[in-house]
Amino acid sequence: VVIGGGPGGYVCAIRLAQLGLKTACIESRGSLGGTCLNVGCIPSKSLLNLSQEFHKVQNLSSKGIEVGEVKLNLPKMMKSKDKAVTILTKGVEFLLKKNKVTYYQGTGSFKSQNEIIIKDDQNKETTIKAAKTVIATGSVPVSLPGIEIDEKVIVSSTGALKLEKVPKKMVVVGGGYIGLEMGSVWSRLGAEVQVVEFLDHITPGMDKEISSEFMKILKKQGIKFNMQNKVETIKNNKSGAVVLTVDKDGNKNNFDCDVVLISVGRKPNTNSLNLDSVGIELDEKKRVKTDKMFKTNIENIYAIGDVISGPMLAHKAEDEGIAVAENIAGQSGHVN
């Protein structure tokens, strides 16, 4: 049984089935593909592409190409993005069916070492037995202490992909690639975007030269950066919210906006798994501890993807999904 139908989970389930094991895949979202296909890589790249096209057409006259008034039809653009997502998620569902993987829609959790409870959206419970289980439940966005994400005014990347109108002003809290990606989309569509970052550079973890060049490109787009600023509080008001920050010199700053995008990282999605009931060990960052074969401290339970250590990237999860499937099937699957 694979708990989670994201890039790691569905790839793992398909490979297990191809290797001759009777396999089930459990997914709580209602559609397969995980964060990547539903609220991550695919919809964000779709909007990046569409917003770039809009931005290009708006600026054609400066190159001697005269066009009429360029208007944004945001609902239509969102439908185009949703269509791309639906085609791919349905494609994954077809692949599970083709490879004879049993697909359960619901939230999976451990009843015991060999029993998984699946609770559907009607709270109906089904218990299935598993000789071996792979945890592939991915990750969820992190908020700041004391700040609640409502996905309307204070949004995560999920909410930023579904805004119903272009905000006049948007504040992006966090200078990582996810926040900057969405900031770039809404900037091209007409929002005034301010980025608030605690560090002195954007995209932490990337090469400094790439980081500085990237910032130059984003500044040309009109995005404004407020580096070495710590968010103190975010207060809602009638028009949206005010982000209160303190810079490195102790100066306080206020940023008025319609929408605040909180993009300060992600954490493993393990809360609903009932890991304590089987004694699965977590590390200090609440990630599932595994050995080089992706095995947890419980002999027949494995974990891959965002729930374990390493970069939270779709292709990493996919690779681990194939490796652990081959290990489980007795082959010499590569190790991490």
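**Ground rules**

I number residues from 1 along each chain as its sequence is written, and I use heavy atoms for side-chain values, with hydrogens and water left out. Since the model is predicted, local features need pLDDT of at least 70 and side-chain atom pairs count only at pLDDT 80 or more, while totals for chains, interfaces and linings use all residues.

**Entry: α1 against α4**

I looked up this helix pair first. Helices and strands here are DSSP runs, numbered from the N terminus (helices H or I, at least four residues; strands E, at least two). α1 covers residues 7–18, and α4 covers residues 74–98. Their axes lie 9 Å apart, at an angle of about 20°. Axes are lines fitted to C-alpha atoms, for helices over the stretch in contact, and angles run from 0 to 180 degrees between N-to-C directions. The pair is therefore roughly parallel (angles under 35 degrees; over 145 is roughly antiparallel, 65 to 115 roughly perpendicular, the rest oblique). I noted a left-handed crossing for α1 and α4, meaning that the near helix is turned anticlockwise from the far one by less than a right angle.

Which residues make the contact? From α1 they are Tyr-10, Ala-13 and Ile-14; from α4 they are Val-92, Leu-95 and Leu-96. Contact means heavy atoms within 4.5 Å. By class I get 6 nonpolar, no polar and no charged residues for α1 with α4. The classes are: Ala, Val, Leu, Ile, Met, Phe, Trp, Tyr, Cys and Pro nonpolar; Asp, Glu, Lys and Arg charged; the others, Gly among them, polar.

**Entry: α6 against α7**

Next I took α6 (residues 177–188) and α7 (residues 208–221). The angle is about 25° and the axes are 10 Å apart. α6 and α7 are therefore roughly parallel too. Their crossing is left-handed. Leu-180, Ser-184, Ser-187 and Arg-188 of α6 meet Phe-214, Leu-218 and Gln-221 of α7. This contact splits into 3 nonpolar, 3 polar and 1 charged.

**Entry: the cores**

A nonpolar core is a set of buried Ala, Val, Leu, Ile, Met, Phe, Trp, Tyr and Cys residues joined through side-chain atoms within 4.5 Å. Buried means under 20% relative accessible area, exposed over 50%, and partly exposed in between (1.4 Å probe, protein chains only). I found 45 residues in the largest core. Leu-96, Phe-110, Ile-135 and Ile-280 have the most contacts inside it. Helix α1 gives the largest share of this core, 7 residues. A second, separate core has 28 residues, among them Leu-47, Met-182, Val-195 and Leu-218.

I then listed the partners of Ile-280, leaving aside neighbours within four places in sequence. They are Phe-110, Ile-135, Leu-275, Val-288, Thr-296, Asn-297, Ile-298 and Ile-301.

**Entry: buried residues**

Is Leu-74 buried or exposed? Leu-74 counts as buried, at 6% relative accessibility. Beyond four places in sequence, Leu-74 touches Leu-163, Glu-164, Lys-165, Val-166, Trp-186 and Leu-189. I also checked Leu-74 against Gly-5: 69 residues apart in sequence, 30 Å apart C-alpha to C-alpha.

Ser-157 is in helix α5 (residues 157–160). At 9% relative accessibility, Ser-157 is buried. Outside four places in sequence, its contacts are Ile-178, Leu-261, Ile-262 and Arg-266.

Tyr-302 is in strand β18. I read 5% relative accessibility for Tyr-302, so it counts as buried. Among its contacts outside four places in sequence are Val-134, Ile-135, Phe-294, Thr-296 and Ile-328. Tyr-302 and Leu-244 are 58 residues apart along the chain, with 43 Å between their C-alpha atoms.

**Entry: loop residues**

Thr-270 and Asn-274 took me to the loop between β17 and β18. Thr-270 is buried at 9%, and it contacts Leu-275, Lys-286, Val-288 and Val-307, neighbours within four places in sequence aside. Asn-274 is partly exposed at 39%. Asn-274 has a positive phi of about 60° although it is not a glycine.

Gln-228 is in the loop between β12 (224–226) and β13 (229–236). Its phi is positive, about 50°, and it is not a glycine. I logged Gln-228 as partly exposed, with a relative accessible area of 29%.
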